[in-house]
Amino acid sequence: MNRDAMPSRYLKYTAAIVASIALTACSAPSEDSAGSETAQMGAPLEGADIGGPFELVNKDGETVVWDDFEGKYRIVYFGFTYCPDICPNDVQRTIRGLNMFAQRQPERASRVQPIFISVDPERDTPSIVGEFAAAFSDNLIGLTGSHEQVKQAADNFRIYYERGQDTPGGGYLVDHSAIVYLFGPAGEPLATLPADQGPEAVAAELAKWVS
Ligand code: NI
């Protein structure tokens, strides 16, 4: 997708998501949980209704579900492999940030699993997503699925996507939210990673939340 040409619908959607994230995060220390609150600072996305079950397919055509990553921190990014600009940039900066964090904190970084999920199941076959992921890191898992599987995953992660402009040669763009999420070991949302600010910012954010 192209950040300069975001349709207003996308912006409206993003604003609504950010507002709902903020509201949810602000209301996290509710009376219900008063007894069990620790003095720890809450994560920005703590308590947000983001993430949750999915059933997708990896590069070998094997089924992968969200709970397969139980016990691991997870970085989750939705995009498409034919994306000319934003997706490859975001993924590259995120992986470089994770690698920086790994150099400084190898133990903690070993608990982080980066995941790329296609929003273009039409063209992103398992092997194409696998090749895309492998181009950035041996550790990055690329997932795709049927239209229904991808839709369900995107909905649960509050990701908007829609077929966009046609491109020369018979291709097309996919408009989509570009959000790098960080989840905790139980699948709980923690924060977004600032890939747009570069790898160092990503590494710093990981250091805040990954223990
Ligand atoms: Ni993109």
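Y77 stands opposite V180 in β8. This is a predicted model, where local features need pLDDT of at least 70, side-chain atom pairs count only at pLDDT 80 or more, and totals for chains, interfaces and linings use all residues. Residues are numbered from 1 along each chain as its sequence is written, and side-chain values use heavy atoms, leaving out hydrogens and water. Helices (H or I, at least four residues) and strands (E, at least two) are DSSP runs, numbered from the N terminus.

Next I traced the sheet. It is open, has five strands in the order β5-β4-β3-β8-β9, and its pairing is mixed. β5 (141–143) and β9 (189–192) are at the edges with a single partner strand each, so one side of each has no neighbour in the sheet. The twist averages 25° from one strand to the next.

Then I checked the helices on it. Helix α4 (residues 126–136) packs on the sheet and touches β4 and β5 (contact means heavy atoms within 4.5 Å). The direction of α4 makes about 150° with that of β5; angles run from 0 to 180 degrees between N-to-C directions, with axes fitted to C-alpha atoms, for helices over the stretch in contact. Helix α6 (residues 199–209) lies across β3, β8 and β9, at about 155° to β9.

Last, I took α5 (residues 147–156). Its buried residues (under 20% relative accessible area, 1.4 Å probe, protein chains only) are Q149, V150, A153, A154 and N156. They fall within an arc of 165° seen down the axis, so they line one face of α5; the arc is that of directions from the helix axis to the C-beta atoms. Their cover includes β1 (55–57) and β6 (161–167). Just after α5, R158 takes a positive phi of about 60°.

Note on methods: Buried < 20%, exposed > 50% of the residue type's maximum accessible area, 1.4 Å probe, protein only. Pairing = 2+ DSSP bridges.
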